[in-house]
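Please read it with the structure open.

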Amino acid sequence: MTGLMSAMPQWKIACQEQLLPGASIEQKWEFAQSAGFAGIALRTRGGEAFETRRAGLERAAGHGVVLPSVRLDVPPHVGDVDRQVSSFAALGALAVVVPVSDARRVPLPRSSTPDTPDHGSPAHGLLTDGLRRLAERTAREGLSLCLQPVNRYEGQPVNTLEQGVELCRALGSARVAAGTFHMNIEEADPAGALLAAGPWLGHVELADSNGLEPGAGHVDWPSLFAALDAAGYEGWASVACRLSGPADSALPAAVGVLRQAGG
């Protein structure tokens with residue numbers, strides 16, 4: 001069995017920024033490298049907050065800090081998309097990750113206030129329309145829009161990888177971001193779901209079954225990495241979780257678990 005290190009070499013594992021100790025992105029980068037990570041996955045809740053950081057992040061990227069992805073916990077409205085996506089591209093990011101939990105958290109027109117959508121409803125049409133505009137804009141900047149299914153307890157309408165693939169097909173240019181914590185809840189066969197979604201995968205977020213770092217729960221990491229290998233996945237994965245203890249011990253231990261599982 002080949003595994004994580006063949007499908008996703010060590011230099012393609014990132015860590016979400018909020019987990020890393022350090023007062024600056026440069027200090028976080030120094031720790032990330034010492035712990036065995038090869039990149040920092042950025043996270044933002046709004047365009048205005050991100051803009052205050054933009055100059056510093058661009059300087060850091062220019063000095064060699066690797067920033068392969070940005071997670072938009074609160075994506076911009078359609079009218080705000082252009083400037084923000086251009087900012088991500090300037091950092092060298094490859095993927096823009098958007099969790100799809102309900103229509104209020106995707107870039108809809110400012111005047112729309114839809115209820116939680118179901119397929120075929122007017123609100124679902126607004127959801128896909130907003131995401132299509134974001135997908136087109138990211139593609140023009142050379143980025144991939146990666147839509148993350150979330151578990152049923154965090155929202156609707158996209159819970160499984162299969163549903164994520166259906167939405168990506170409807171949009172035309174988006175890809176799927178697989179989250180192992182959500183998959184542990186929603187997928188009867190997580191490894192099989194990853195393999196089936198393989199051609200559509202654009203990003204992977206790693207958290208154990210309890211939402212903690214890899215190794216702190218019961219996710220079957222070797223089977224997931226073997227599925228990614230079989231699917232030919234060559235993108236980035238990012239550790240995105242809560243920590244069971246201090247970062248300076250929990251994060252290196254998590255990297256060790258990933259290496260051992262993929263050996």
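In this predicted model, cysteine 146 stands opposite arginine 175 in strand 6. Strand 5 and strand 6 (residues 175–179) pair in the parallel sense over two bridges, and two strands count as paired if DSSP finds at least two bridges between them. Between them the chain runs from strand 5 through helix 6 (residues 161–171) to strand 6, a right-handed β-α-β crossover. Right-handed here means that, with the strands pointing away from the viewer, the path from the first strand over the helix to the second runs clockwise. Helices (H or I, at least four residues) and strands (E, at least two) are DSSP runs, numbered from the N terminus.

Residues are numbered from 1 along each chain as its sequence is written, and side-chain values use heavy atoms, with hydrogens and water left out. Because the model is predicted, local features need pLDDT of at least 70 and side-chain atom pairs count only at pLDDT 80 or more, while totals for chains, interfaces and linings use all residues.

**Barrel and strand pairing**

- Eight strands close into a barrel in the order 1-2-3-4-5-6-7-8, with parallel pairing.
- From one strand to the next the twist averages 30 degrees; axes are lines fitted to C-alpha atoms, for helices over the stretch in contact, and angles run from 0 to 180 degrees between N-to-C directions.
- Strand 1 (residues 13–16) runs parallel to strand 2 and is joined to it by three bridges; cysteine 15 stands opposite isoleucine 40 in strand 2.
- Strand 2 and strand 3 (residues 69–72) are also parallel, with four bridges between them; arginine 43 has arginine 71 in strand 3 as its bridge partner.
- Strand 4 (residues 95–100) and strand 5 (residues 144–149) run parallel and are joined by six bridges.
- On strand 5, proline 149 is the bridge partner of valine 100, and glutamine 148 is that of proline 99.

**Burial of strands 2 and 5**

- Strand 2 (residues 39–44) is mostly covered, with five of its six residues buried; buried means under 20% relative accessible area, exposed over 50%, and partly exposed in between (1.4 Å probe, protein chains only).
- Five of the six residues of strand 5 are buried, so the rest of the structure largely encloses this strand.

**Helix 2**

- Helix 2 (residues 25–35) forms a right-handed β-α-β unit with strand 1 and strand 2.
- The buried residues in helix 2 are Ile25, Lys28, Trp29, Phe31, Ala32 and Ala35.
- Seen down the axis of helix 2, these buried residues fall within an arc of 165 degrees, so they line one face of the helix; the arc is that of the directions from the helix axis to the C-beta atoms.
- Exposed residues Glu30 and Ser34 sit on the face of helix 2 turned away from its buried side.

**Salt bridges**

- The structure has eight salt bridges, each being a side-chain nitrogen of Lys or Arg within 4 Å of a carboxyl oxygen of Asp or Glu.
- One of them pairs aspartate 73 with arginine 43, with the closest N and O atoms 2.4 Å apart.
- Aspartate 73 is in the loop between strand 3 and helix 4 (81–90) and arginine 43 is in strand 2, so the pair ties together parts that are 30 residues apart in sequence.
- Aspartate 73 is buried at a relative accessible area of 4%, whereas arginine 43 is partly exposed at 35% relative accessibility.
- Aspartate 73 also forms a salt bridge with arginine 71, the closest N and O atoms being 2.6 Å apart.
- Salt bridges with shared partners join Arg43, Arg71, Asp73 and Glu205 into one network.
- Glutamate 51 and arginine 54 meet in a salt bridge of 3.8 Å, N to O; both lie in helix 3 (residues 47–62), three residues apart, about one turn of the helix.
- Both ends of that pair are partly exposed, glutamate 51 at 24% relative accessibility and arginine 54 at 25%.

**Leucine 206**

- Leucine 206 lies in strand 7 (residues 201–206) and is buried at 1% relative accessibility.
- Leucine 206 and alanine 254, 48 residues apart in sequence, are 10.0 Å apart in space, C-alpha to C-alpha.
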